[in-house]
Number of protein chains: 2
Amino acid sequence: MAPAAKTSPEIETGGGVWRFPAGQPLRLDSGASLSPLEVAYKTYGHLNADKSNAVLVCHALTGDQHLASQHPVTGKPGWWDRVVGPSLALDPDRYFVICANVVGGCMGTTGPASIDPGTGEAYGLAFPVITIADMVRAQAMLVEALGIDTLFAVIGGSMGGMQVVQWAADYPEKLFSAVAIATAARHSAQNIAFHEVGRQAVMADPNWRGGAYLKAGVRPEKGLAVARMAAHITYVSEAALHRKFGRELQRDGLSWGFDADFQVESYLRHQGASFVDRFDANSYLYITRAMDYFDLAGPHGGVLANAFIKARKVKFCVLSFTSDWLYPTVENRAIVRALNAAGCRASFADIVSDKGHDAFLLDEPVFDQALRGFLAAQAQARGLS
Amino acid sequence: MAPAAKTSPEIETGGGVWRFPAGQPLRLDSGASLSPLEVAYKTYGHLNADKSNAVLVCHALTGDQHLASQHPVTGKPGWWDRVVGPSLALDPDRYFVICANVVGGCMGTTGPASIDPGTGEAYGLAFPVITIADMVRAQAMLVEALGIDTLFAVIGGSMGGMQVVQWAADYPEKLFSAVAIATAARHSAQNIAFHEVGRQAVMADPNWRGGAYLKAGVRPEKGLAVARMAAHITYVSEAALHRKFGRELQRDGLSWGFDADFQVESYLRHQGASFVDRFDANSYLYITRAMDYFDLAGPHGGVLANAFIKARKVKFCVLSFTSDWLYPTVENRAIVRALNAAGCRASFADIVSDKGHDAFLLDEPVFDQALRGFLAAQAQARGLS
């Protein structure tokens with residue numbers, strides 16, 4: 001295996017914030033429109049002469065556009081710098097990699113913390129409820145604005161994978177290939193239940209102030225931290241938690257109190273505390289809502305295959321992880337079956353891993369190989385050097 | 001199958017609150033003592049002449065002594081009136097059934113909402129941290145106070161099952177048989193993680209007031225409701241949630257807001273809201289802590305079998321459910337293996353059910369039959385008519 005690229009100056013990055021004029025609002029599934037629309041994005045590498053090497057990466061719920069470069073708030077390396085970098089699956093020498101913050105997000109794209117032009121104050125709950133299709137529509141506007149007709153690939157894990165299948169349903173003519181990872185074509189009752197716990201935790205925080213906390217100069221940090229802690233448990237497998245922490249204590253002996261006695265408690269508290277520094281609570285509400293509303297079959301007569309009828313020319317790859325209990329193999333396989341039923345070509349690998357849902361973000365060499373292999377084959381088919 | 005008994009006058013109930021004198025404190029694992037100690041309990045049926053028909057049922061985290069009679073707060077039927085009643089597995093005509101509220105609880109047994117004799121106010125966080133062994137020690141004091149030398153059976157599910165195996169380790173000479181259901185001999189990292197989320201949700205509520213909310217005349221209802229919601233997801237299987245709710249909506253169409261759109265959201269909110277009416281937030285902290293501290297092998301050199309060395313005369317039954325992901329089959333089987341390694345006789349059934357952890361509280365006829373069959377065989381061996 002090639003060594004994982006560290007965030008470093010050799011990965012040339014571009015991007016910025018694309019401001020769409022008032023005459024180009026984002027039409028939303030709810031019937032509302034969002035204007036002005038700003039989309040914050042990062043790019044790595046260069047668009048080639050025939051504009052055939054663009055790859056759009058779609059980020060997950062709490063991800064953002066800082067794919068393979070230092071995060072401006074946390075200072076941490078990019079969340080996928082194991083995948084994007086020299087000699088990696090998405091090598092900027094070969095591909096023009098784009099990643100945009102989703103609509104409703106809090107890293108520069110228009111979201112509930114943005115200024116509502118109607119009031120001059122942050123939207124808060126006046127921000128319209130958005131959907132996965134809305135996120136994809138904004139991405140399509142950005143891709144068009146960047147002068148790209150066809151994406152070599154659209155790739156994403158978790159909520160990113162939902163965007164990938166939505167792209168395939170809504171813009172199949174703009175895709176050469178599509179890679180959906182650790183995802184689902186709809187949110188299950190259990191998925192919705194966990195998100196609802198998180199939302200209730202945020203809303204239970206008196207600092208949430210009915211969503212108008214920015215105006216009040218406060219933030220519902222405790223509620224958002226609890227939401228993150230609950231969600232984080234679903235991102236890892238029981239086996240991974242056991243291997244990493246077991247019942248190991250923080251100190252010698254029990255505290256006989258409510259301090260973090262167990263290492264897993266301390267770890268979870270850290271996950272919660274560090275999350276609130278970089279994420280907006282209302283964005284968490286809106287994006288979880290978009291995921292809960294997601295049911296790709298719904299607008300296609302309840303038949304998932306119908307969503308992919310026009311995507312027969314797109315080369316698909318679906319990757320799941322055996323220990324993912326958030327979007328388990330069966331949900332990923334349902335996408336593959338629907339693709340096959342629609343007459344689409346789909347590679348599928350259920351990767352043996354005990355790391356759980358987050359395996360696509362972690363050191364999982366078989367996953368790297370599968371992704372790299374699929375992309376290399378498609379690059380050859382596409383004639384990319 | 002016999003029809004499930006409804007709570008009704010024909011089940012004769014007794015019980016009350018047993019007040020232990022100051023000279024009989026509860027010695028705690030922490031080194032502290034609790035005095036005075038009060039234990040609230042319910043009984044059903046009559047102790048026979050040779051005192052051989054007493055059954056102790058141990059309740060789960062949020063359960064209480066109101067096993068088969070109307071709950072004084074909620075007015076609901078007893079939580080196990082499918083098991084305790086005429087012609088049921090625990091028929092009061094045959095057995096003298098006892099159920100006591102655990103130490104640390106909030107239904108009459110001494111807990112954090114009780115008056116601290118040192119201050120004249122509710123204990124709050126001055127209440128000592130307790131363990132599963134402490135709960136069992138208090139139960140053993142009650143059983144002795146009731147004049148019972150040997151229990152025909154000790155039975156419990158979930159945290160009740162933890163008490164059952166603790167009884168077998170600490171008081172094997174007082175047991176004829178023991179039934180542990182849907183439980184574990186120790187709390188896993190994931191178990192601890194979910195409990196920590198719940199505790200953080202309670203503590204994040206400003207009305208918690210560092211545990212002194214009773215004095216302030218408030219209650220951390222929102223935080224406790226979030227804790228209950230998160231925990232409730234772990235009590236049911238994904239399949240059960242899907243079958244019961246799927247993605248069914250509350251109304252025609254989406255609200256495009258943060259109301260409960262999906263039935264599963266409404267259900268969870270109801271679980272949270274109704275829980276806070278009957279449960280004390282500090283009790284929730286203390287009892288979850290006791291469960292997290294639970295590791296029966298720990299004090300026995302880390303070898304679970306050693307805990308059961310003196311229990312060879314006890315007849316064991318362990319029952320698990322195939323869809324229980326809170327205390328999965330593998331954890332229950334670990335108890336059976338340890339029992340076997342210690343030379344104990346143990347029946348074990350992994351009951352096929354898609355209802356999840358809470359199956360032992362729900363309509364699951366195969367479970368009823370397994371429990372009934374084991375108890376009937378032991379009753380015959382014990383010479384109970």
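## Two helices in chain B

Let's start with a helix pair: helix H5 (residues 221–235) and helix H7 (residues 263–276) of chain B have axes that come within 8 Å and cross at roughly 130°. Some terms first: helices (H or I, at least four residues) and strands (E, at least two) are DSSP runs, numbered from the N terminus. Axes are lines fitted to C-alpha atoms, for helices over the stretch in contact, and angles run from 0 to 180 degrees between N-to-C directions. Angles under 35 degrees count as roughly parallel, over 145 as roughly antiparallel, 65 to 115 as roughly perpendicular and the rest as oblique.

On the H5(B) side the contact includes B:Glu221, B:Leu224 and B:Met229, and on the H7(B) side B:Leu268, B:Gln271 and B:Phe275 are among the residues involved. Being in contact here takes C-beta atoms, placed from the backbone, within 7 Å. Sorted by class, this contact of H5(B) with H7(B) has eight nonpolar, three polar and two charged residues. Ala, Val, Leu, Ile, Met, Phe, Trp, Tyr, Cys and Pro count as nonpolar, Asp, Glu, Lys and Arg as charged, and the others, Gly among them, as polar.

## What kind of model this is

This is a predicted model, where local features need pLDDT of at least 70 and side-chain atom pairs count only at pLDDT 80 or more, while totals for chains, interfaces and linings use all residues. Residues are numbered from 1 along each chain as its sequence is written, and chains are lettered from A and ligands numbered from 1 in the order in which they are written.

## How the two chains relate

Turn chain A by 180°, with a shift of 0.0 Å along the axis, and it can be laid on chain B with an RMSD of 0.0 Å. That is the relation of a two-fold axis. The same surface serves both copies, with 100% of the contact residues of chain A recurring in chain B. The superposition is by least squares on the C-alpha atoms of residues with pLDDT of at least 70 in both copies.

Where the chains meet, 42 residues of chain A are in contact with 42 residues of chain B. On chain A, the elements giving two or more residues to that side are helix H3 (189–204), helix H5 (221–235), helix H6 (238–244), helix H7 (263–276) and helix H8 (281–293). H3(A) gives the most, with 11 residues. By class, the side of chain A that touches chain B has 23 nonpolar, eight polar and 11 charged residues.

## H3 and H8 in chain A

H3(A) and H8(A) pack at an angle of about 160°, with their axes 10 Å apart. The two helices are therefore roughly antiparallel to each other, and H3(A) passes H8(A) in a left-handed crossing. Among the residues that meet are A:Ile192, A:His195 and A:Val202 in H3(A), and A:Tyr284, A:Leu285 and A:Met291 in H8(A). This contact of H3(A) with H8(A) has six nonpolar, three polar and two charged residues.

## The sheet in chain A

Chain A has an open sheet of eight strands in the order E1-E4-E6-E5-E9-E10-E11-E12, with mixed pairing. Strand E1 (13–20) and strand E12 (345–351) of chain A stand at the edges, each with a single partner strand, so one side of each has no neighbour in the sheet. From one strand to the next, the twist averages 20°. Strands pair if DSSP finds at least two bridges between them; strand E4 (residues 37–44) and strand E6 (residues 96–100) of chain A do so in the antiparallel sense over four bridges. In this chain, A:Lys42 stands opposite A:Cys99 in E6(A).

Helices pack on this sheet too. Helix H1 (residues 132–145) of chain A lies across E1, E4, strand E5 (54–58), E6 and strand E9 (151–157), running at about 60° to E4(A). Helix H10 (residues 329–341) of chain A touches strand E10 (175–181), strand E11 (315–321) and E12, and its direction makes about 165° with that of E11(A).

## The sheet and helices in chain B

In chain B, eight strands also form an open sheet with mixed pairing. Five bridges join strand E10 (residues 175–181) to strand E11 (residues 315–321) of chain B, and the two run parallel. Helix H2 (residues 159–170) of chain B lies across strand E5 (54–58), strand E9 (151–157) and E10, at about 150° to E10(B).

Methods:
Contact = placed C-beta atoms within 7 Å. Left-handed = near helix turned anticlockwise from the far one by under 90°.
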